[in-house]
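Q: Please show me the structure and take me through its features in turn. I would like the criterion for each feature, then the case at hand.

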Amino acid sequence: MDLTPIWLTLRLASITTLLLLLICLPLAWWLSKGRSFFKIIIEAIITMPLVLPPSVLGFYLLLAFSPAHGVGKWLHDSFDVQFVFSFQGLVLASVIYSMPFMMGPIKSALQQLPSSLAQASYTLGKTERETFLRVLLPNIQPSLFTAMVLTFAHTLGEFGVVLMIGGNIPNVTRVASIAVYDSVENMDYSAANTYSLILFCITFVLVIGVFIFNKTQAKSPLE
Amino acid sequence: MISINIEKKLKAYSGQQWLKVNREFADGSIIKIYGPSGAGKTTFLKIIAGLISPEKGIIKIDDITWLDTSTQTSLSPQKRMAGFVFQNYALFPNMTVREHLEYATKDAEWIDRLLLIGKLETLTAHKPEYLSGGQQQRLAILRALAIKPKLLLMDEPFSALDHQMKIVLINDLKALFKEMGLTVLIVTHNPQELDGLCNGELEINAA
């Protein structure tokens, strides 16, 4: 039994979650401050993967990053980076595909904090950055945890996007969801069942973890 | 000397109203501000602190221009450093009583003195959710004082205090304001409660 697809999936989900945390924290903070037409457009683009068929997203990523032309060719020629049929490509696709799951809870939590919290910090002479790190961020911890778990769990289950841009290369892009599909195609139901059961258990534990964590945090400190 | 001349458009159920204030306050004066709900009392304080921008106006503190819409000058709230006591206290849920004050100042001696004035010296490790309404309100006042501002803006600062605590705290604050040479603007719905504290008043009526 080859467990490489499971390890590859966990590695992909961990890297994606970490990258999205770094990207979404400042982005969600910026988006939560006021509304403008430009911000609405950005939000719509971030939300698109929620409603777009994964294969459509994967198809466009495949076209965009193909080393034969355009951006993909430039990246390949200039930096020797290839996103198509590589692990980097899976990370890129996962970051785009899972972004709404990280962005949503963080942005919503920041918007629900009373504006007077930040204002009080400003009147104490604190910068916006200091206010974000020491006042706002510590007070959205439950939502931050939910966002991270949702992103991790969602990345575990990716199939369409990953298959389109990464294909099915053993030890490189053959993640667990693709290994399940591949095993079923080869009539190896035992392997398919093992992969599925491991994914089911990991996801179940994560979701239970979110519920338990949020239950202990049920009384908001702002109440 | 604090010189304020501002005009701000307010949204109201009955349509648009204008908040217009043109006043000067001497250094060290303690002014009570009153008027009907929705007249713009809180907005007035936030304009002075730099948290809201008016359509038009000038604010000068001791010849330093904080705001001049004609030259598009507007100092940030961080540069104005006006102490502000929010109506909803705006305490930080993640910080203890002492951490609130340490966030505002590094002066440990000053923090200890403030804790004594606010009668919070035994509650330094408590977070706001474990404080009563009156204790939270006192902490909000102490936090605003911690930065040793020249101008203190207080929005309904004594509303959650019982009568006895209010009398004691007002007396202590009166002495402290005098010692610090603070100019204080206090919004209240009950002007009589500040009779012994204030030496001036401003009625706000949006038109």
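Q: Which conventions apply?
A: This is a predicted model, in which local features need pLDDT of at least 70 and side-chain atom pairs count only at pLDDT 80 or more, while totals for chains, interfaces and linings use all residues. Residues are numbered from 1 along each chain as its sequence is written, and chains are lettered from A and ligands numbered from 1 in the order in which they are written.

Q: How many helices and strands does chain A have?
A: Helices (H or I, at least four residues) and strands (E, at least two) are DSSP runs, numbered from the N terminus. Chain A has 11 helices and 0 strands. The C-alpha trace of chain A spans about 65 × 45 × 25 Å along its principal axes.

Q: What share of chain A counts as buried?
A: A residue is buried if 20 or more other C-beta atoms, placed from the backbone, lie within 10 Å of its own, exposed if 12 or fewer, and partly exposed in between. Of the 223 residues of chain A, 37% count as buried. Thr194(A) is partly exposed because 19 other C-beta atoms lie within 10 Å.

Q: Which residues of helix H3 of chain A are buried?
A: In H3(A), residues 54-64, the buried ones are Gly58(A), Leu61(A) and Leu62(A). To see how they are placed, take the arc of the directions from the helix axis to the C-beta atoms. The buried residues of H3(A) fall within an arc of 105 degrees, so they line one face of the helix.

Q: Against which helices do the buried residues of H3(A) pack?
A: Two residues are in contact if their C-beta atoms, placed from the backbone, lie within 7 Å. The buried residues of H3(A) pack against helix H5 (87-112) and helix H9 (160-166) of chain A. Leaving aside neighbours within four places in sequence, Ala93(A) is in contact with Gly58(A), Leu61(A), Val161(A), Val162(A) and Ile165(A).

Q: In what order do the strands of the parallel sheet in chain B run?
A: Two strands pair if DSSP finds at least two bridges between them. The parallel sheet is open and has 5 strands, in the order E7-E8-E9-E3-E10 (chain B). Its edge strands are E7 (83-85) and E10 (200-203) of chain B, each of which pairs on one side only. From one strand to the next, the twist averages 15 degrees. E7(B) and strand E8 (residues 151-155) of chain B pair over 3 bridges, and Gly83(B) has Leu152(B) in E8(B) as its bridge partner.

Q: Which helix packs on that sheet?
A: Axes are lines fitted to C-alpha atoms, for helices over the stretch in contact, and angles run from 0 to 180 degrees between N-to-C directions. Helix H1 (residues 41-49) of chain B packs there, touching E3 (30-34), E7, E8 and E9 (183-187), and its direction makes about 155 degrees with that of E8(B).

Q: What is the strand order in the antiparallel sheet of chain B?
A: This open sheet also has its own list of 5 strands, E2-E1-E4-E5-E6 (chain B). Strands E2 (15-25) and E6 (73-74) of chain B have a single partner strand each, so one side of each is left without a neighbour in the sheet. Strand E1 (residues 2-12) of chain B is joined to E2(B) by 11 bridges, and Lys9(B) stands opposite Trp18(B) in E2(B). H1(B) packs on this sheet too, touching E1, E2 and E4 (56-61) of chain B, at about 130 degrees to the direction of E1(B).

Q: Which residue takes a positive phi in the hairpin of E4(B) and E5(B)?
A: Asp62(B) does, with a phi near 50 degrees, and the hairpin has 2 residues between the strands. In the hairpin of E5(B) and E6(B), with 4 residues between the strands, Gln72(B) takes a positive phi near 55 degrees.

Q: Which residues touch the most other members of the largest nonpolar core?
A: A nonpolar core is a set of buried Ala, Val, Leu, Ile, Met, Phe, Trp, Tyr and Cys residues joined through C-beta atoms within 7 Å. Among the 105 residues of the largest one, they are Ala93(A), Ile106(A), Ile165(A), Ile48(B), Ala140(B) and Leu153(B). H5(A) gives the largest share of this core, 12 residues.

Q: How many residues does each chain give to the contact between them?
A: Chain B gives 17 residues and chain A gives 17 residues. On the side of chain B, helix H2 (77-80) and helix H3 (97-104) of chain B are the elements that give two or more residues.
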